[in-house]
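Please open the model in your viewer and keep the selection panel at hand.

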Amino acid sequence: MDALLPVVVLLPLLGAGCVLLVPNQEGVVVRGVGLAAALLTFLVSLGLLGVFDPAAAGFQAEFNRPWVESLGIRFHLGIDGLTLWLVLLTTFLTPVALLAATRAITKKPKEFVASMLILETGMLGAFVALDLFAFYVFWELMLIPMYLIIGIWGGERRVYASIKFVLYTMVGSLLMLVAIFYLYTEHHRLTGSWSFDYTALSTVVLSASAQRWCFAAFALAFAIKVPLWPLHTWLPDAHVEAPTPGSVILAGILLKLGIYGFLRFAFPLFPLATLEMTPWLGLLAVIGIVYGALVAYAQDDAKKLIAYSSVSHLGVAMLGIVAWNARALAGAVFMLVAHGLTTGGLFLGIGALYDRRHTRRIDEFGGLWKAMPVFGALFLIITMGSIGLPGLVGFIGELLVLSGSFGAYELNRATGGALPSLSAHPKVLAAIATTTVVLSAVYMLTLFQRLLFGPNSNPKNQALKDLSPRELVVFAPVIAVILWLGIFPGPVMDRITPTVEHYLTDMQQRIVDLRNVDTESHIRGERSASQGRGPRAALELGGPARALRTGQGRPSAQLVDGSPSRAVVPEAQLVAGVPSARLAVEGVR
Amino acid sequence: MTFSAEQLLAIAPMLVLWAAALAVLLVESFTGASTSRRHLMWMAIGACVIDLWVVALQWSALSGGAATRLAGFSGTVVLDRYALFADGLFLVATVLASMLFADHSSEHERERGDVYVLLLLAASGMMLLTAATDLVTVFLGIELMSLAVYALTGSARRVAPASARSAEAAMKYYLMGAFTTAILLYGIALLYGVSGSTNLAEIGQKIGQAPGGRLVATAGVVLLTVAFAFKVSAAPLHMWAPDAYEGAPTPITGFMATAVKAAAFLGAVRVFSLLTGDAGNTAGAALVGLRSVAGWKAGLGLLAAVTMLWGNLAALRQENLKRLLAYSSIGHAGYLLVGLLAVVQGQGELRAQAQAAVQFYLMSYTITSLGAFGVVAWLGRRGDERLHLDDWAGLAGRHPGMAFAMLLCLLSLGGVPPLAGFFGKFYLFRAAMEQPELLWLVILGVLMSVVSACYYLRVVMAMYFREPGRAIGPLPGSLVPAVAVVAAVTILVLGLAPSTLLELAAAAKAR
């Protein structure tokens, strides 16, 4: 079964090839072939659930073959609890988006379906690649199809939006490429072998300054993708101009790659820089939450409103991954899936209206419930899911993240102070972030009210038809999953939690190992404790050390849920052996 | 000097081309004025294919045991795998350019045989340049190549606006080229003066020992560098390139931007490798004889940086496709200069890696760029070359196949994975990053790749996002689409499975 992942990743590409071979522009044939490929991919990807061991924490269903042997490039794929659901989300949303395209896309259907399928391969590959070169190839593979989707099938300002999207993404990703190369050459320098493998490269501990630069390069690429305030300005343009299926994929999946990238690459590869920078990332996330929500409230364009709501929601997810405890992290991962479903659903809804009226202006609508009651009911469920109403998919992720970020401080203390807390005043940040619960209700309910309630005064709206059977087929699976995951999140959470716990202990181990970091790069674990323990070096990393808090070094050997952590620092070491390391950790608080 | 068959073996790839050039010339003079010239193209291509076979035979012959190189003519020419790899590249470029020219000339003027002769001669000059281990042969190679290309630049003679521009371009190119030749000769003279030899390896050994000659030696090396910088159109010595590229018939422009540039780079790699010497070589400390080795290397770094910046930034403002591609080729010269610097700076394994990277990059760039110029040539009609970006509007709607080939070529030039150009850049920048001093050039190169994406995507936008403008009539000939297919397939193959070519490039070391 180890060939399952490459099959899932490459099936859409094969489908794209088949679509391009269809000799004419016959819409039905092209769409049929494309939809069949996407559905087949989804069915095969369900097989991942079968082979996935919920209790295991490492990579599973791995596939590892040489690609370019002499350069150490391998086709190495694997999933864990972080990516299992993101992969399924991708394979689930793509056929939905393709089905939604039937009416939204009338010109050049062949090129459109092929672009969507190539895009799917890029996204799936980026999620499962465990070779940094392969990851980068897939990451960039997403760029061009999305560019074409916005640029060819988009709205009036599509050319501007598409080039803005490409430039933002490229600036970030090419600098990330330099950082990948740097890591790759450092690995070669230290070990004598060429490798892009994730596990091999993550044993490299770079010097302090190199970590900062490389982290900055990775973080820029991922922060643009998330998008983190103030790098979000491409998103509203891209969303507004993209055709409905493009928006669904963009908001539903592409943005998740930013958060995923932080978790998989930026944090574990550069732990020291992570230690220093995550409080700032948390601050940006919180600014994004509030800013996104306020700007969303002020929009007249329905798509723009949802775009800004994505900025706000992904801020919450970002806050979850920098809170450094299992609850918030698991919540953030769940939230990615939930946001993919609800935002995808919202864009489908706006798309259905756009297909009828060819406008996205909220003022043009009003009182639609009378004309379109079925649409109104379905849209209400999606809206409530997006707001985070208990019982729907959006609730549990947000709850976990917000409660987790409040708890960050205590949990961090319990882990021996090894992980950075949000900032000096985590509770203040968490409290501000919690306003999202109210703010999202404010802008989403306003949107819903302006679209569907009140008098249906606009004569153009009075004869609008309710959802067609095809549209019902598009909406039904999304609504079903929103309800199902809202009521039974257990199966999903069960498969996320072990990975998340393993992730945190691993991160903690990496950060504890930082006592060995001095100005020289080295391979993790190769250096004996006595070698790199210079107090000068360690102090240097820490910056201005604040006063030691009492009880910081207690070996309360529990991370979460009573699972004993193998990474906890023995007290003796912390207090007597390496006071400087503790200063370092403490200093960034 | 005794004359032996073995010496002829060392120049066998050139002999084939010379014989073919004479044959084509002869056959043409017996071809009636109104008869088609297509068979001359097939002769030239046939000669190139035979020559490729010769190159392949020699490649495998040189692998055996001690015989890794074949020196001829008192050590002025050497045949090794490095030269053979370069020969292969030139032959591929010549084949593709001939195919492009055949279709192009039957549309714009009438087909002519002399162009194929000149192409073959230019290719043989390139071969001589990359096989040269002596400054005199370097000079011969450069001149043989350049004289043929000057004539090629001016080869559009019949149809009014194009012929004037072609003549102007040839004149500019010739004058600048003559100037370069003078500089090159002056550098050769100075190096000879200080070392008493024109053999590159000997110069490398001796310039360190010549008392009081350090300033002269430095001046000689600098002049040599300037001459090569002219030939590869490195900024700020690139001024001739956009004009010459714009005026020349498009297939010839493609040939100039690829094969000529590749020859100059591969020649420079050989010359400067020999001059600086390698670790383990007796000439290890060769360039110590220079007044300031560090200064020279810093100068090369600066040249690379300026070239990358100038080429890419200037390309942003171009509305004319040929000028756009011309400036983009200057930008690519900048990336390659980073590779050249990595060759010059590196020792042993690092040098070999950098050299292989330059070779791989040139191969992928040559085929990609010729594909792009091919599509440009294909779009042009008699008296109306359709070079403006507006002429490209909506091409994807009318001719999806050619537009897709152009898309692949442009994305590959821009370095988008998983295409050949990305792999080339990766390989090149990896070699440079092995040497920490070059990190800033790599970062600059990567940033310039973003800039280059802007102008490549402008063409893509015109082709895909805009509504079709003027109708484009039915197209003559099927050779240009064939070239486009070859380019597109190569781009994908080199991007997805580059191993074979990488191994070939790694096996082709200059010694």
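This is a predicted model: local features need pLDDT of at least 70, side-chain atom pairs count only at pLDDT 80 or more; totals for chains, interfaces and linings use all residues.

Residues are numbered from 1 along each chain as its sequence is written, chains are lettered from A and ligands numbered from 1 in the order in which they are written, and side-chain values use heavy atoms, with hydrogens and water left out.

**The interface**

Select chain A and chain B together. They bury about 3100 Å² between them, 81% of it on carbon and sulfur atoms; buried area is the accessible area (1.4 Å probe) that two parts lose on being put together, summed over both. Next, highlight Leu71(A), Val178(A) and Phe181(A), which supply 16% of the area that chain A buries against chain B, more than any other three residues. The contact (heavy atoms within 4.5 Å) takes 37 residues from chain A and 32 residues from chain B.

How many salt bridges are there between chain A and chain B? The count is zero, a salt bridge being a side-chain nitrogen of Lys or Arg within 4 Å of a carboxyl oxygen of Asp or Glu.

Now colour α7 (158-191) of chain A, one of the elements that each supply at least two residues of the side touching chain B. Helices here are DSSP runs (H or I, at least four residues), numbered from the N terminus. The largest share of that side of chain A, 17 residues, comes from α7(A).

**Within α7(A)**

Select Glu186(A) and Arg189(A), whose side chains meet in a salt bridge (2.8 Å, N to O). Both residues lie in α7 of chain A, three residues apart, about one turn of the helix.

**A helix pair**

Move to α15 (residues 326-357) and α17 (residues 373-387) of chain A, which pack at an angle of about 150 degrees with their axes 9 Å apart. Axes are lines fitted to C-alpha atoms, for helices over the stretch in contact, and angles run from 0 to 180 degrees between N-to-C directions. Residues that meet here include Gly345(A) and Gly349(A) in α15(A), and Phe375(A) and Phe379(A) in α17(A).

**Two loops**

Select Val226(A) and Pro227(A), joined by a cis peptide bond with omega of about -5 degrees. Pro227(A) is in the loop between α9 (208-225) and α10 (234-241) of chain A.

Finally, in chain B, the peptide bond from Ala235(B) to Pro236(B) is cis, with omega near 5 degrees. Pro236(B) lies in the loop between α9 (214-231) and α10 (240-247) of chain B.
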